[in-house]
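Colleague: I am new to this model and would like a close look at one part of it, then at what lies elsewhere.

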Amino acid sequence: MGLSDRFRLPGKAVAGLVVMLALPAALAGSASPSARVVDADEGVEAPTPTTDPASRTYSPHAGRQYPTRVYFGDTHLHTSNSGDAFMAGDRLGPEQAYRFARGEEVVSSTGVPARLARPLDFLVVADHAEGLGLMTEVAAGNPAFRGEPTLDRWARMMSAGMAEAAKAANEVVVAQSNNTLPAVIKDPKVVGPVMRSVWTQSTALAEKYNEPGRFTALIGYEWTSVPGGNNLHRNVIFRDGKARADQVFPFSSWNSEDPEKLWDWMEAYEQRTGGRLLAIPHNGNLSNGRMFEPVSFSGAALTADYARRRARWEPLQEIIQTKGNSETHPTLSPNDEFAGDMGIAGWEYGNLSLQGSPETPEMRPTMYLRGGLLQGLQQERRLGVNPFRFGFVGGSDIHNSLVAFEEDNFFGKHVNQEPRPDRWQHISKEGFGKTRYTWHYEAAGYAAVWAKANTREALWDALKRRETYGTSGTRMTVRFFGGWNYAAPDARVRQLAEVGYRKGVPMGGDLARRPADAAAPTFLVAALKDPIGANLDRIQIVKGWIDAEGRTHEKVFDVVWAGDRRPDAAGRLPAVGDTVDTTSASWTNSIGASELAAVWQDPQFNPGQQAFYYARVIEIPTPRWTAYDALRFGLKLPPEVPLKQQERAWTSPIWYRQG
């Protein structure tokens with residue numbers, strides 16, 4: 001008996017929409033990541049092909065070309081090679097990071113043994129290109145840096161450790177933001193050889209730990225543009241191995257803070273090496289409105305060429321990480337009951353460094369991702385090209401080399417946020433009369449990638465085509481397809497993915513041209529709970545569109561849910577319930593569903609309006625990392641510190657374009 005047979009729930013009609021609650025086994029894929037195909041070339045006698053047509057077509061998996069497995073990983077990890085990470089106390093390099101991500105036990109920089117519950121499938125060590133490895137040299141007393149007052153002071157602060165080291169790390173971020181770093185640290189004649197040596201060592205370690213089919217070490221780095229403290233960072237990811245990556249040194253914001261200059265460098269790399277690159281912007285929620293502004297970095301109006309280039313080089317955006325949730329904000333989405341949780345509090349005060357000016361509601365349409373997608377529809381109407389046509393991934397941005405963001409196993413973002421009784425109240429940053437504490441940080445998040453294999457090439461290709469979703473830390477499995485003729489029985493078939501690809505496009509794609517007889521697009525969506533995690537509350541579809549007057553709109557539809565709940569008169573679905581015991585940091589799966597699936601048709605479709613759709617899957621409430629800290633350290637936390645939350649996943653959108 002298959003999993004969905006054991007947990008099958010009755011079908012139901014919801015608000016006139018056809019909904020089925022049965023999840024095919026094909027949702028989760030088939031072979032394990034270490035499975036191999038052995039053929040005659042390896043000394044095994046190959047079977048003689050049959051000539052019987054019925055036999056040739058018997059296997060439903062023969063000739064299958066679509067991805068059948070989702071891979072979970074992190075595209076955004078920092079090690080001691082990142083200056084701010086080292087200054088804050090990180091003493092673990094890329095080697096320990098890879099070992100930890102692959103499932104080994106390591107000892108953290110504060111001396112605490114650490115191990116993941118489950119290894120990752122892939123990892124991008126994304127150390128800052130700016131000053132790569134240089135703070136190690138400053139701390140070690142490299143003569144090239146001695147005598148420079150600021151660097152000498154930072155060296156003393158790093159030597160003092162913990163609080164002083166953290167202050168030094170914050171000073172570096174502010175100096176980077178204000179372009180006031182000591183001149184010697186940016187002198188290419190002085191630092192160039194050191195940084196190139198660190199880069200080639202890092203790529204060598206990626207080669208060492210890359211094991212196709214079991215664990216993928218994608219080569220990458222972070223380009224850290226932060227003008228005036230506004231976060232415009234991008235993670236740059238190579239499809240290639242060391243041989244190509246070593247032909248260049250990463251382009252940094254010390255070269256230019258303008259994203260267009262980064263794209264120039266990426267294009268030159270591809271032309272020079274024959275390799276491939278993509279970039280993933282992150283933390284739009286800390287950009288003070290600059291991530292999706294309607295002008296270029298220099299202030300010029302966007303052009304069609306700009307739009308084409310941005311869409312080419314930046315196919316994805318990071319929707320959640322330790323520094324909060326970038327999906328949307330309650331002031332942007334007042335009718336979205338989930339807009340104000342999961343990493344909004346504490347991150348709405350201002351930009352990365354809490355400098356310049358505080359965040360205002362007027363900034364939010366051009367900094368949160370849902371707003372960015374809506375801005376893209378407006379720009380496409382004006383330019384003919386959508387510059388903000390991006391999918392979603394999660395990322396951690398952890399700066400202690402340990403991708404430990406499981407709620408019951410959270411080692412913080414920085415070393416000074418690693419497990420200890422008082423870490424919840426540690427002050428991360430202050431400004432505008434506001435304080436960011438460690439308790440504001442989220443234990444998040446994963447990049448989930450539907451790829452044909454666990455290899456650099458297959459994962460990169462899936463990232464490029466946006467067949468991805470981001471999660472807040474759960475490893476739920478999610479499928480999302482769009483087409484014109486999905487029907488209720490499609491949510492019940494055992495090979496859901498086969499139907500999904502045959503009749504439509506997966507997450508990240510464009511709907512095919514509308515058939516003359518099609519009333520509205522249909523969507524096939526399905527989710528399976530994390531095997532060791534919480535049950536599911538509901539699946540929602542978020543729609544954004546632009547009307548004839550150029551105004552943008554959004555709406556969240558509850559598509560399918562667990563239990564026998566019914567929407568109220570206002571159309572709002574009652575809460576799923578709550579089994580969390582915060583005193584014991586526990587919950588039960590006595591509510592919710594292990595799997596949900598549905599076929600949904602847009603009831604408000606207008607063929608003359610450009611639109612996007614993405615799925616959001618919500619789990620039942622579970623304890624937050626702060627609840628585990630309270631239990632383990634015997635703490636009584638103040639009421640403003642949340643102790644529970646509802647983990648979730650966001651799929652890349654599917655777009656409808658007129659014509």
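Which residues of helix 14 (residues 496–503) are buried, and what covers them?

Modeller: This is a predicted model, in which local features need pLDDT of at least 70 and side-chain atom pairs count only at pLDDT 80 or more, while totals for chains, interfaces and linings use all residues. Residues are numbered from 1 along each chain as its sequence is written, and side-chain values use heavy atoms, with hydrogens and water left out.

In helix 14, the buried residues are Leu 496, Ala 497, Val 499, Gly 500 and Tyr 501. Buried means under 20% relative accessible area, exposed over 50%, and partly exposed in between, with a 1.4 Å probe and protein chains only. Helices (H or I, at least four residues) and strands (E, at least two) are DSSP runs, numbered from the N terminus. The cover over the buried residues of helix 14 includes strand 19 (477–483), strand 20 (504–506) and strand 21 (522–528).

These strands belong to an open sheet of four, ordered 20-19-21-24 with antiparallel pairing. Strand 20 and strand 24 (595–601) stand at the edges with a single partner strand each, so one side of each has no neighbour in the sheet. On average, neighbouring strands of this sheet are turned by 15° against each other, direction ignored. Helix 14 packs on the sheet and touches strand 19, strand 20 and strand 21, and its direction makes about 30° with that of strand 19. Contact here means heavy atoms within 4.5 Å; axes are lines fitted to C-alpha atoms, for helices over the stretch in contact, and angles run from 0 to 180 degrees between N-to-C directions. Strand 19 and strand 20 are joined in the antiparallel sense by three bridges, and Gly 482 has Val 505 in strand 20 as its bridge partner. Two strands count as paired if DSSP finds at least two bridges between them.

Gln 609 is buried, with a relative accessible area of 15%. Leaving aside residues up to four places away in sequence, Gln 609 touches Trp 545, Ile 546, Asp 547, Tyr 656 and Gln 658.

Strand 17 (residues 446–451) is another part to look at. Six of its six residues are buried, so strand 17 is largely enclosed by the rest of the structure. In a regular strand the side chains alternate between the two faces of the sheet. From strand 17, Tyr 446, Ala 448 and Trp 450 point one way, Ala 447, Val 449 and Ala 451 the other. Strand 3 (residues 69–77) runs antiparallel to strand 17 and is joined to it by five bridges, with Tyr 71 partnered by Val 449. Strand 17 also pairs with strand 18 (residues 468–471), in the antiparallel sense over four bridges, where Tyr 446 stands opposite Thr 471.

Leu 402 sits in the loop between strand 12 (391–394) and strand 13 (405–406), and is buried with a relative accessible area of 0%. Among the residues that Leu 402 touches, not counting those up to four places away in sequence, are Leu 77, Leu 92, Phe 100 and Phe 411. Leu 402 and Asp 90 are 312 residues apart in sequence but 9.9 Å apart in space, C-alpha to C-alpha.

On a 1 Å grid over the protein atoms alone, a cavity is a set of points where a 1.4 Å probe fits but cannot get out, and a pocket is an open set with protein on both sides within 12 Å along at least five of seven lines; lining residues have an atom within 4 Å of a point. The whole structure has three cavities of 30 Å³ or more. The largest cavity holds about 100 Å³ of space, and its lining has 13 residues, with Pro 259, Arg 290, Glu 293, Tyr 306 and Arg 310 nearest the centre. The largest pocket has a volume of about 790 Å³. Its lining has 43 residues, and those nearest its centre are Asp 84, Ala 169, Asn 170, Val 173 and His 414. Helix 7 (162–178) is one of the elements that give two or more residues to this lining, and helix 7 gives the most, with nine residues.

Technical notes
Points joined across faces, edges and corners; volume = space filled by probe spheres on them.
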